[in-house]
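Reader: Could you take me on a close tour of the aromatic part of this protein and what surrounds it? I would enjoy one connected account, with the cut-offs spelled out as you go.

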Amino acid sequence: MQQDTAYLALSVEEAAKRLDAALRATRARRIHLAPLDLAADLPPLAFGSARVCRLSADELRGVIDAPRLRRLYPRQDFDAERFSEFHWLIVEEVVVLEQEPEERRSRSCSWT
């Protein structure tokens, strides 16, 4: 970690605990966020695993896991205050992790 973000580092014990949990996981929760920046003032709605609502800056930081995002992209700043000004469509899903840990990869990665 860079010196200015060293405070975001996990302890060795916490990192090992999270890695162990990830390797043992058989299910994962995915959260899909779609900003509705052009939407009129909407009441909160919920239908199935989806909802439309406004999130406070603190709620938004929690949903996106701001410390983790900062560790991954230390030079980028997530402006939660600005993003909390509009409505969000939030869809949550639980997916079964069918592959063994050594076979898993992020869909956004491509290995060659």
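Author: Happy to; what follows goes from the overall layout to the aromatic rings and then to their surroundings.

This is a predicted model, in which local features need pLDDT of at least 70 and side-chain atom pairs count only at pLDDT 80 or more, while totals for chains, interfaces and linings use all residues. Residues are numbered from 1 along each chain as its sequence is written, and side-chain values use heavy atoms, with hydrogens and water left out.

First, the setting. The protein has four helices and four strands, taken as DSSP runs numbered from the N terminus (helices are H or I, at least four residues; strands are E, at least two). Read from the N terminus, the order is α-β-β-β-α-α-α-β. Of its 112 residues, 13% count as buried; buried means under 20% relative accessible area, exposed over 50%, and partly exposed in between, with a 1.4 Å probe and protein chains only. The accessible surface is about 9,000 Å², and 52% of that belongs to carbon and sulfur atoms; such areas come from the Shrake-Rupley method with a 1.4 Å probe, and for residues only the protein chains shown count as cover. Taking contacts between residues at least 6 apart in sequence, 79% join residues at least 24 apart, where contact means heavy atoms within 4.5 Å.

Now to the rings. A search of the whole structure turns up four aromatic pairs. One of them joins Phe83 and Phe86 in an edge-to-face arrangement, 6.1 Å centre to centre with 85 degrees between the planes. Phe83 also pairs with Trp88, this time tilted, at 6.3 Å and 55 degrees. For these labels, rings of Phe, Tyr and Trp (its six-membered ring) pair if their centres lie within 6.5 Å; planes under 30 degrees apart are stacked, over 60 edge-to-face, and the rest tilted. Phe78, Phe83, Phe86 and Trp88 form one aromatic cluster.

How covered are these rings? Phe83 counts as partly exposed because its relative accessibility is 26%. Phe86, at 16%, counts as buried, and Trp88 is buried too, at 6%.

Ser84 is found in the loop between α4 (80-83) and β4, and it is buried, with a relative accessible area of 16%. Apart from neighbours within four places in sequence, Ser84 is in contact with Arg54, Leu55, Ser56, Ala57 and Leu60.

Next comes His87, which lies in strand β4 (residues 87-96). At 2% relative accessibility, His87 counts as buried. A polar atom of its side chain lies 3.1 Å from the backbone oxygen of Leu42. Beyond neighbours within four places in sequence, the contacts of His87 include Ala34, Pro35, Val52 and Cys53.

Finally, a look at helix α2 (residues 57-64), where Asp58 has its place. Asp58 is exposed, with a relative accessible area of 58%, and its side chain makes a polar contact with that of Arg61 at 2.7 Å. A polar contact is a pair of N or O atoms within 3.5 Å; within protein, one must be able to donate a hydrogen and the other to accept it, and residues adjacent in sequence count only if both atoms are side-chain atoms. The C-alpha atoms of Asp58 and Glu81, 23 residues apart along the chain, are separated by 8.5 Å.
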